[in-house]
Amino acid sequence: MDGIAEYRFVPSIASLKRFFLPRDGIPQDNSLGGQQLDELPYKTILCDVLVVGAGGAGCRAAIEASKQNLDVIMLSKELLGKAHTSMAEGGYNVSLGNVDPNDDVETHFKDTIVGGNHLNNQELAEILVRDASERIYDLEEMGAVFDRTPEGKIAQRPFGKQSWRRTAYASDRTGSEIMVTLTEAIRKTSVRVFDEVFATKILVEDGRACGVCAVDLKYGDYIVFRAKSIIMATGGAGRIFKVTSNAQLDVGDGYAMAYEAGAELIDMEMIQFHPTGMVKPESAKGRLVTEAVRGEGGILLNNKGERFMNNYYPKVMELAGRDQVARSIMKEVIAGRGSPDGGVYLSIAHLPKRIVEFRLESMIEQFGDAGVDIREEPMQVSPTAHHFMGGISIDTKSQSSIPGLYAAGECTGGVHGGNRLGGNALADTQVFGALAGESAARFAKDHKHTGINRQAIIAEFQRLEAMLTRKEGISPADARDELTELMWNKVQIFRNEEDMEEAVKELKRIEEEVVPKIKVQVSEKRFNPGWHQAIEFGHMVITARMVAEAALLRKGNRGAHYRTDADPNEKGYYNIIIEKDDNGEIALRKKDLVITRITPP
Ligand code: MEZ
């Protein structure tokens, strides 16, 4: 290959101009100013704002940033539109009061803090509940269609641990409706979308985020994207657990990249296990069974036919917090009162068929494919790793601890505290997506591109290349199985010191002994899923270590973090901050909560 790598993206005339014209005095030279890494050519692409991730938060951020007449690039690890956001089926929380007129922003705030077991950053939670209504109207303006009340207002259903019916919905495919809308909206902007491009490293120069190293998954080309500001919108990491509702690609890219870049992360131990995932068939294990099923009146039963939530949370029953319902289900299973395939039963057979058919249509299909008619028969369900409450720490402008690096959506932490309310995630993507887009655009307007560290780039691409060229080693699929099994067995819903210590020890071993030996079977760079898995595996290990180490540090029970050996004397409420120390090790420290109005008990 000669110095200037071939560029296969088919750009518009406008973007061609951007691509080749000098900007801010930096030679727009795809071969990095003439200095080549002989064996590993790569190209450089400049923009003002770079959005990494193309789910609900990423798309919303890109749309907002593009309003400022800036050159915005959005990287999508998959084809645009195929994001995990679609899997938030049940709805979007917003205190419109369309069904329960007494609902208001204040009550939504209070529910969010109490639901989060008081660990939320209250400034961020306030932004969430305050802006949720404007952002849902934005979606409507872009063309999203939500179900309506008889008066024609946006309909709202009940969701767990919330005072009023607050969850706006489009049947049981709300996330899909939002993703389709955002995808169409993106196409009407000047945002340059790079499909199937995987960012692997954030570049930092002069203390500022200034770009990312990436691989074009289609062609195997290495690319450096240079930007004045960057927005991480990479979603969560449910895939570090064996059983998860998450899409295949949710492996913690953003957490690992931010950590490696030196950003602060917060409360990584807080993992939401959604109470209801599919139990069978094996191929669908963990797939989400939306909370809308319980919101519409679904009941949980054990193998004796008892509505067991009555024994745990009799006042709210199936609409207790997700952490509470998940633990109750597990207690029934452990006590031998579970269903034949290791879950419990969820039944809606008592509901009017027309309600089920109208409001839970995708559930009918999902279980229909598995041979279960949910209008007549109960579903078998059990908890599934669903959402990370922890993540990249952000301020009220959605900026991380690294100037120029912003973050939005599930890859951030602090908004939801120790346990997220179902329905708050979709609102989060839109509220913080828009905020990050606006803030990053402002930053880009006020700053020029920094220089760039060529050595860091070369080292990164050599690291990726080594996985392909190694003669012997461990298969990424085997390594992945080992890690996901370990996390599922040792850092799950019920945790204890001994298990978590073992997890940390094993993860260190995996980091030291397995990661450097990962070897891809086929050395082809184009469309090589084995290679993609191998790269992802590094991110999974870093993410899993942060989760396990933070979980070990938190001795008491808070929200989703529940220890069977909890220290009864640990009364404190605090956050756990994680960052990389000067020796390249994980450093953890406890930090005071950000409280604006509601003091923890
Ligand atoms: O917010 C969520 O996680 C959500 C809406 C999921 C669901 O059960 O549908």
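In this predicted model, the shell around the ligand is made up, by class, of two nonpolar, seven polar and four charged residues. These 13 residues surround the ligand, and the closest are Gly90, Thr290, Glu291, His386 and Arg420.

| Residue | Atom of the residue | Distance to an oxygen atom of the ligand |
|---|---|---|
| Glu89 | polar backbone atom | 3.3 Å |
| Arg322 | polar side-chain atom | 2.9 Å |
| Gly423 | backbone N or O atom | 2.9 Å |

On its own the ligand has 280 Å² of accessible area, and the protein covers 100% of that area.

Helix α2, which spans residues 56–66, is mostly covered, with 11 of its 11 residues buried. Among these buried residues are Gly56, Cys59, Arg60, Ile63 and Glu64. The elements against which the buried residues of α2 pack include the strands β2 (49–52), β3 (72–76) and β11 (229–232), together with the helices α4 (122–142), α5 (174–187) and α12 (424–446).

As for the cysteines, the count of disulfides comes to zero. Cys210 is in no disulfide, and the nearest cysteine sulfur, which belongs to Cys213, is 9.5 Å away; Cys210 is itself buried, with a relative accessible area of 2%. The sulfur of Cys411 is too far from any other for a bond, because the closest cysteine sulfur, in Cys59, is 14 Å away. Cys411 likewise counts as buried, at 0% relative accessibility, and Cys59 is one of the buried residues of helix α2.

How values were computed: Residues are numbered from 1 along each chain as its sequence is written. This is a predicted model: local features need pLDDT of at least 70, side-chain atom pairs count only at pLDDT 80 or more; totals for chains, interfaces and linings use all residues. Side-chain values use heavy atoms; hydrogens and water are left out. A residue is near a molecule or strand if one of its heavy atoms lies within 4 Å of it. A polar contact is a pair of N or O atoms within 3.5 Å; within protein, one must be able to donate a hydrogen and the other to accept it, and residues adjacent in sequence count only if both atoms are side-chain atoms. Accessible areas come from the Shrake-Rupley method with a 1.4 Å probe; for residues, only the protein chains shown count as cover. Ala, Val, Leu, Ile, Met, Phe, Trp, Tyr, Cys and Pro count as nonpolar, Asp, Glu, Lys and Arg as charged, and the others, Gly among them, as polar. Buried means under 20% relative accessible area, exposed over 50%, partly exposed in between (1.4 Å probe, protein chains only). Helices (H or I, at least four residues) and strands (E, at least two) are DSSP runs, numbered from the N terminus. Contact means heavy atoms within 4.5 Å. A disulfide is a pair of cysteine sulfur atoms within 2.5 Å.
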